[in-house]
Amino acid sequence: MRKVRIIEQISLDGVMQAPGGKNEDGDYAPGGWAMLFADQVVLEAILAAQGNGFDLLLGRRTYDIWSTYWPKIKDGPFAGNLNAATKYVATHRPESLKWGPVKDLGKDIVKGVRAVKSKDGPDLILWGSSTITSTLLESGLVDDVFLIVCPVLLGRGKRFFSDSADPRKLALVSTKAAATGVLLNTYRYVGPLRTES
């Protein structure tokens, strides 16, 4: 059975929108905020978290953003693996998926991810895709979460965990600080949060 790993760049207040550029996800004024903190330690940690062969789980918006960028990149530590990965996409328009190899997750995302996860193959990495992170966490389909926590407060924007989602518990597996102030935290998914009565 494959593992599902979420990898996200987030602010201290949990915002994950447009870490790579201002126009990456609409016109988000502070877009590109995460790039200020990318040093060699951060890049190596991301590569280690992805592993040497993986497939991608992507929401349609993230797929569209990445499909205009990554196919043009031929060099560097990320391009080869991202371009070679099978992209499993949550979309209502599967006929318009061009950046491959690519497969549609179907109308029921949870059912689609569960089916993909149950088959043999490389681990599944979810990057971006804010609408899917909460859904997969609530469904118990996530094995671990790697958060690249940048020392910024953004206030507004898409968040890592939706306001409407039920509380979840994670266990800290490892943490490392980069000289730029980024915290590289790996968590294991535990399940629903139990509080004292």
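The legends below describe close-up views of a predicted model. Local features are given where pLDDT is at least 70, side-chain atom pairs count only at pLDDT 80 or more, and totals for chains, interfaces and linings use all residues. Residues are numbered from 1 along each chain as its sequence is written, and side-chain values use heavy atoms, with hydrogens and water left out.

**View 1. The hairpin of strand 7 and strand 8.** Strand 7 (residues 168–177) pairs with strand 8 (residues 183–192) in the antiparallel sense, over nine bridges. Helices (H or I, at least four residues) and strands (E, at least two) are DSSP runs numbered from the N terminus, and two strands pair if DSSP finds at least two bridges between them. Ala171 has Arg188 of strand 8 as its bridge partner. Five residues separate the two strands of the hairpin, and Gly181 in the turn has a positive phi of about 100°.

**View 2. The buried face of helix 4.** Helix 4 spans residues 109–118, and its buried residues are Val110, Gly112, Val113, Val116 and Lys117. Seen down the helix axis, these buried residues fall within an arc of 160°, so they line one face of helix 4; the arc is that of the directions from the helix axis to the C-beta atoms. Buried means under 20% relative accessible area, exposed over 50%, and partly exposed in between (1.4 Å probe, protein chains only). The cover over the buried residues includes strand 1, strand 2 (54–59), strand 3 (87–90), strand 5 (123–127) and helix 5. Lys117, in helix 4, has a relative accessible area of 8%. Not counting residues up to four places away in sequence, Lys117 touches Met1, Arg2, Val4, Leu124, Leu141 and Asp143, where contact means heavy atoms within 4.5 Å.

**View 3. The largest pocket and its lining.** The pocket has a volume of about 910 Å³. Of its 37 lining residues, Gln9, Pro19, Gly20, Glu24 and Trp66 are the closest to its centre. Strand 1 (4–11), helix 1 (40–50), helix 2 (60–67) and helix 5 (130–138) are the elements that give two or more residues to this lining. Helix 2 provides the largest share, five residues. By class, the lining of the largest pocket divides into 19 nonpolar, 12 polar and six charged residues. Ala, Val, Leu, Ile, Met, Phe, Trp, Tyr, Cys and Pro count as nonpolar, Asp, Glu, Lys and Arg as charged, and the others, Gly among them, as polar. On a 1 Å grid over the protein atoms alone, a pocket is an open set of points with protein on both sides within 12 Å along at least five of seven lines, a cavity is a set where a 1.4 Å probe fits but cannot get out, and lining residues have an atom within 4 Å of a point. Grid points are joined across faces, edges and corners, and a volume is the space filled by probe spheres set on the points.

**View 4. Cys150 and the largest cavity.** A search of the whole structure finds one cavity of 30 Å³ or more, and the largest cavity holds about 40 Å³ of space. Its lining consists of Gln9, Ala34, Met35, Phe37, Ala38, Val42, Ile148, Cys150 and Val182, with eight nonpolar, one polar and no charged residues. Cys150 lies in strand 6 (residues 144–150) and is buried at 1% relative accessibility. Beyond residues up to four places away in sequence, Cys150 touches Ile10, Ser11, Leu12, Trp33, Ala34, Phe37 and Val182.

**View 5. Gly14 in the loop between strand 1 and helix 1.** Gly14 counts as buried, at 17% relative accessibility. Leaving aside neighbours within four places in sequence, Gly14 is in contact with Lys158, Arg159 and Phe160.
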